[in-house]
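User: Hi, I have a structure open and would like to talk through it with you. Could you start with a term I will need?

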Amino acid sequence: MSIRAVVWDVDDTLFDYTAADRAGMRGHLLAEGLLDGYDSVEEALVRWRRVTDAQWARFSTGEATFQGQRRDRVRVFLGAELTDAEADEWFERYIGHYEAAWAFFPDVLPVLDALAASHRHAVLSNSSLTVQDRKLRVLGVHDRFETILCAAELGVSKPEAGAFHAACAALDLAPHQVAYVGDHPEIDGRGAADAGLLSVWIDRDGAYTSDDGPGGPRRIASLAELPALLGADTRFGAPSTFR
């Protein structure tokens, strides 16, 4: 196996989206005076995440545009008939709190440094290029990636093979020469494996179970395991415990 490039998911793989979303929404709801309608902050955050997941699924299947799913998240969460402008303004106020909490997972910069000389790097996200391009610039790693591809512009989303193959084509490499690293067992893990890439599933908290056999996603608990899995000649020094 000769892997020449690593294609990365962004949210909850490189970037700690869940923590930033929770912190941002907590601050936003407090600023908006909306917490009185819930028994606890946690109840409000769980509701926001459920609404987000449901609307994101509609975007992923082409039932809604990227901006449309954002507006519908606000309308469903608030239970209010808002104009597009009103929903956009509410979401933008949330974004201010969310962006203040942006951060990478602690294992990200070390592994990017360790693999910088041995592998090429790209991004494939089910988000929008406008969102992810800015995020990677703000976090200071944009120039580490040769190309950044997102579903909103590609017109195809993970787990469809076409999304993964678009990333391979952008690198001018065959799927078997590319590893894909993502956090979702089906969208990222199974999708990349079925598309013929070396699929690496980062499962930091062990929240999922998997019975994938040979040819399925390689499951790791930390990105520190990735160089050994790829056979990279680095001094990263972390033993592989992939399972």
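Analyst: Let us start with the word "buried", which is used for a residue with under 20% relative accessible area, while exposed means over 50% and partly exposed lies in between. Please keep in mind that this is a predicted model.

User: OK, so is threonine 147 buried or exposed?

Analyst: Threonine 147 has a relative accessible area of 18%, so it counts as buried. It lies in the loop between H6 and strand E3 (148-150).

User: And what is threonine 147 in contact with, leaving aside its neighbours within four places in sequence?

Analyst: With those neighbours left aside, threonine 147 is in contact with His121, Ala122, Val123 and Ala170.

User: Now for helix H4: which of its residues are buried?

Analyst: The buried residues of H4 are Ala87, Trp90, Phe91, Tyr94, Ile95 and Tyr98. They cover an arc of only 150 degrees around the axis, and therefore they sit on the same side of H4.

User: Why would residues some places apart point the same way?

Analyst: An α-helix has 3.6 residues a turn, so residues three or four places apart point the same way.

User: What covers that buried side of H4?

Analyst: The cover over the buried residues of H4 includes helix H1 (17-32), helix H2 (41-60), helix H3 (66-78) and helix H6 (129-138).

User: What span should H4 have, and how far apart are its ends?

Analyst: Helix H4 takes in residues 84-99, and at 1.5 Å a residue its 16 residues should span 22 Å, which agrees with the 22 Å between its end C-alpha atoms.

User: How about H3, what is its reach?

Analyst: H3 has 13 residues and reaches 19 Å from its first C-alpha to its last, which is close to the 18 Å expected at 1.5 Å a residue. Its buried residues are Phe66, Gly68, Gln69, Arg70, Arg73, Val74, Arg75 and Phe77, and what covers them includes H1, H2, H4, H6 and helix H7 (151-154).

User: Changing topic, what is the volume of the largest pocket, and which residues lie nearest its centre?

Analyst: The largest pocket has a volume of about 1,200 Å³. It is lined by 45 residues, and those nearest its centre are Asp11, Asp12, Tyr17, Arg49 and Asp183. The elements that give two or more residues to this lining are H1, H2, H3, H4, H6 and helix H9 (185-194).

User: How many of the lining residues are charged?

Analyst: By class, the lining of the largest pocket has 18 charged residues, along with 16 nonpolar and 11 polar ones.

User: Where is aspartate 12, and what is its phi?

Analyst: Aspartate 12 sits in the loop between strand E1 (5-8) and H1, and it has a positive phi of about 70 degrees although it is not a glycine. Most residues other than glycine have a negative phi, and most peptide bonds are trans. At 16% relative accessibility, aspartate 12 is also buried.

User: What about aspartate 172, buried or exposed?

Analyst: Aspartate 172 counts as exposed, at 70% relative accessibility. It is found in the loop between H8 and strand E4 (178-182), and its phi is positive too, at about 60 degrees.

Notes:
Residues numbered from 1 in each chain as written. Predicted model: local features only at pLDDT ≥ 70, side-chain atom pairs only at ≥ 80, totals over all residues. Heavy atoms only, no water. Helix = DSSP H or I, 4+ residues; strand = E, 2+ residues; numbered from the N terminus. Expected span 1.5 Å × (residues − 1). Buried < 20%, exposed > 50% of the residue type's maximum accessible area, 1.4 Å probe, protein only. Arc of directions from axis to C-beta. Contact = heavy atoms within 4.5 Å. 1 Å grid on protein atoms, 1.4 Å probe; cavity = no way out; pocket = protein on both sides within 12 Å on 5 of 7 lines; lining within 4 Å. Points joined across faces, edges and corners; volume = space filled by probe spheres on them. Nonpolar A, V, L, I, M, F, W, Y, C, P; charged D, E, K, R; others polar.
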